[in-house]
Amino acid sequence: MPGVEPQAARDGAAPQGSIKTYDVIIVGAGFAGMYMLHRLRGLGLSARVLDGATGVGGTWYWNRYPGARCDVESMQYSYSFSAELQQAWSWSEHFAGQPEILAYANFVADRFNLRRDIQLEARVTAAHFDEKTGRWRIETAQGEIFSAQFCVMATGCLSTAKLPEITGRESYEGATYHTGYWPHEGVDFTGKRVAVIGTGSSAIQAIPVIAEEAGHLTVFQRTPNYSIPARNSPMTPDYEGPWKSNYDLRRAKARTMRTGILYGVTDETWGLNNVSALDVTPAERQRIYEERWAVGSTAFMASFNDLITNQAANDTAAEFVRERIREVVKDPVTAEALCPYDYPIGTKRICIDTDYFETYNRANVSLVNLRETPIEAITPKGVRTSAGEHEFDAIVYATGFDAMTGTLMNLDIRGRDGLKLADKWAGGPQTHLGLMSAGLPNLFMITGPGSPSVLSNMIVSIEHHVDWLIDALAHMRANGLATIEPTAEAEAAWGQHVNEAGHRTLYVKAASWYMGANVAGKPRVFMPYIGGVGVYRQECDEVAAKGYDGFILTPRDARAVAAE
Ligand code: N01
């Protein structure tokens with residue numbers, strides 16, 4: 001008798017008393033949760049998606065701050081699983097804004113009839129594995145209880161917004177916002193005195209737009225950021241047409257790239273210049289950087305093949321960007337304050353912007369360099385630095401997220417023998433392939449720590465993980481298996497591999513959220529896998545081809561016997 005038998009086929013997905021039973025509970029209705037649901041239906045398993053939001057879209061539901069848009073071009077930051085979907089949807093810009101990406105998520109939900117299995121305003125608070133039944137018991141903040149054989153955490157890597165620990169924050173009497181939890185009705189900053197704290201990707205997108213509206217905008221910068229112009233523009237038939245007619249080839253190629261992104265489509269390099277920055281003359285290097293700068297986007301980081309592994313090579317790119325900042329920003333003191341020096345370019349997430357540095361030339365924008373005048377406190381009226389108090393009508397916290405592990409560790413997740421995920425990961429995340437963690441049978445993570453996830457085009461990585469999991473579930477079903485979980489040895493070996501790969505790069509030199517450095521007390525561990533999307537896919541394929549090497553697969557009957 002198969003272990004993974006569709007629940008619906010046994011007794012439907014009807015509530016058992018107050019506990020609702022499904023084969024699979026998916027936590028999160030973003031791009032990962034929606035695709036997982038779609039694929040599970042193909043397998044004939046009953047599934048329920050639970051999400052605390054009032055709509056689908058995940059990160060694109062929450063991050064509605066002014067200027068929010070994707071930094072991967074939309075022809076690539078979109079699902080590839082359905083040829084019809086790819087043809088049916090048209091993007092209005094090369095880099096779509098948040099409202100359009102959210103509209104796309106809703107379009108997909110409708111087109112694939114997903115909504116009937118998505119339960120909104122259902123925020124999961126706990127997931128406990130019951131050894132006796134071999135099932136997960138999942139609770140929501142709304143008081144509902146679910147039981148499922150499998151639990152899929154499609155919770156996103158940047159879904160727990162982080163407010164800064166600054167004295168007096170609660171005392172502020174004006175309006176406060178976090179970019180990651182932006183009000184749905186929007187915010188009118190017209191004529192207001194506005195503070196933005198933080199200069200990461202979110203701030204770099206929001207600052208130029210808020211500056212257009214605000215009476216005065218003051219940016220509080222602790223660490224300057226490298227940013228490349230997006231050069232966003234309206235979509236044209238000339239650009240869209242060849243994408244739509246070559247989608248199969250291009251998507252397949254993108255899956256082999258380190259980041260899951262093609263940076264060019266006109267030759268066989270796909271925009272990746274496979275040459276060291278140090279193997280060309282300074283004039284040639286300058287020419288290549290200028291060419292990439294003119295085109296814009298994160299393709300700049302593919303100018304040479306050693307920008308993230310060789311400090312001297314990286315220095316050339318970093319200095320090129322600093323020169324551009326000095327060129328754009330008219331006030332030399334402000335320009336210098338905006339120049340990053342103390343970490344290699346690309347080792348904090350590279351930003352792309354529209355008129356970010358230009359914004360500092362506006363008369364209504366000022367920069368406070370917190371390295372010279374640190375924040376001492378938030379006061380009832382505004383922000384006090386060592387140089388004095390600034391009064392504001394509104395403070396925008398663009399202070400980022402407890403990335404990759406925060407959401408999972410804040411959930412009460414318990415596996416075998418009451419093993420708490422939060423305890424297990426206290427010294428840093430431990431996973432096998434970023435997909436599962438030992439001691440937590442049948443609990444899957446989509447784009448979890450230890451996978452390329454945040455270093456890649458997230459949708460490419462989401463589709464990969466979902467497809468891999470669906471194959472694993474099909475394998476379990478075909479072989480009468482009830483549980484899957486990694487061995488402790490495989491998990492340790494993978495953790496070492498992820499760590500070694502990280503330490504072969506310059507990434508570990510930056511105090512970034514990739515390293516957990518933005519959260520006090522969080523262990524400094526390079527959390528994503530830098531091996532590259534293409535290499536990682538092969539590694540995952542090999543594991544599956546060897547009968548899920550490194551995983552313990554329990555036959556249904558054996559597990560039931562052991563539990564008795
Ligand atoms: O957050 P961040 P984000 N006092 O952590 C500062 C993705 N994303 O929301 O560097 C003063 O990058 C902090 O300073 P420092 C993308 O992956 C994607 O901007 O710690 N400042 C930093 O400047 C991105 O990387 C898109 O010194 C304080 C900022 O706040 C990720 O989300 C768009 C502070 C936080 O920057 C996170 O980006 C937007 C304090 N106490 C975001 N605490 C796309 O386009 C923190 N800061 C797809």
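**Entry 1. Ground rules**

I noted that local features in this predicted model need pLDDT of at least 70 and that side-chain atom pairs count only at pLDDT 80 or more, while totals for chains, interfaces and linings use all residues. Residues are numbered from 1 along each chain as its sequence is written, and side-chain values use heavy atoms, with hydrogens and water left out.

**Entry 2. The ligand site**

For secondary structure I used DSSP runs numbered from the N terminus, where helices are H or I of at least four residues and strands are E of at least two.

A side-chain N or O atom of Trp 513 is 2.9 Å from an oxygen atom of the ligand. I found a polar backbone atom of Asp 71 at 3.1 Å from a ligand oxygen, and a polar side-chain atom of Gln 205 at 3.3 Å from a ligand oxygen. Taken alone the ligand exposes 910 Å², of which the protein buries 87%; accessible areas come from the Shrake-Rupley method with a 1.4 Å probe, and for residues only the protein chains shown count as cover.

**Entry 3. Thr 199**

Thr 199 sits in the loop between β9 (193-197) and α6. Is Thr 199 buried or exposed? Its relative accessible area is 6%, so Thr 199 is buried; buried means under 20%, exposed over 50% and partly exposed in between, with a 1.4 Å probe and protein chains only. A polar side-chain atom of Thr 199 lies 2.9 Å from the backbone oxygen of Thr 223. Taking contact as heavy atoms within 4.5 Å, and leaving aside neighbours within four places in sequence, I found Thr 199 in contact with Ile 204, Val 219, Gln 221, Thr 223, Asn 225, Tyr 356 and Tyr 360.

**Entry 4. Nonpolar cores**

I looked up the cores, each a set of buried Ala, Val, Leu, Ile, Met, Phe, Trp, Tyr and Cys residues joined through side-chain atoms within 4.5 Å. In soluble globular proteins, nonpolar side chains tend to be buried together. The largest core holds 138 residues, and Ile 26, Phe 31, Met 36, Leu 217, Phe 300 and Trp 468 touch the most other members. Helix α15 (residues 458-478) gives the largest share of this core, 10 residues. Apart from it lies another core of 22 residues, including Phe 129, Leu 411, Ile 413 and Leu 421.

I placed Ala 96 in the loop between α4 (83-88) and α5 (98-111). Ala 96 is buried, with a relative accessible area of 0%. Beyond four places in sequence, the contacts of Ala 96 are Arg 69, Cys 70, Ser 74, Trp 91 and Ile 101.

Ser 147 belongs to strand β7 (residues 145-153) and is buried at 14% relative accessible area. Ala 501 belongs to helix α16 (residues 488-503) and is buried at 5%. Not counting residues up to four places away in sequence, Ala 501 touches Tyr 529, Ile 530 and Gly 531.

**Entry 5. Positive phi**

I noted Asn 113, a residue other than glycine, with a positive phi near 55°. Asn 113 lies in the loop between α5 and β4 (118-119) and is partly exposed, at 43% relative accessibility. Phi of Trp 270 is also positive, near 55°. Trp 270 lies in the loop between α8 (247-254) and α9 (282-295) and counts as buried, at 13%.

Key:
A polar contact is a pair of N or O atoms within 3.5 Å; within protein, one must be able to donate a hydrogen and the other to accept it, and residues adjacent in sequence count only if both atoms are side-chain atoms.
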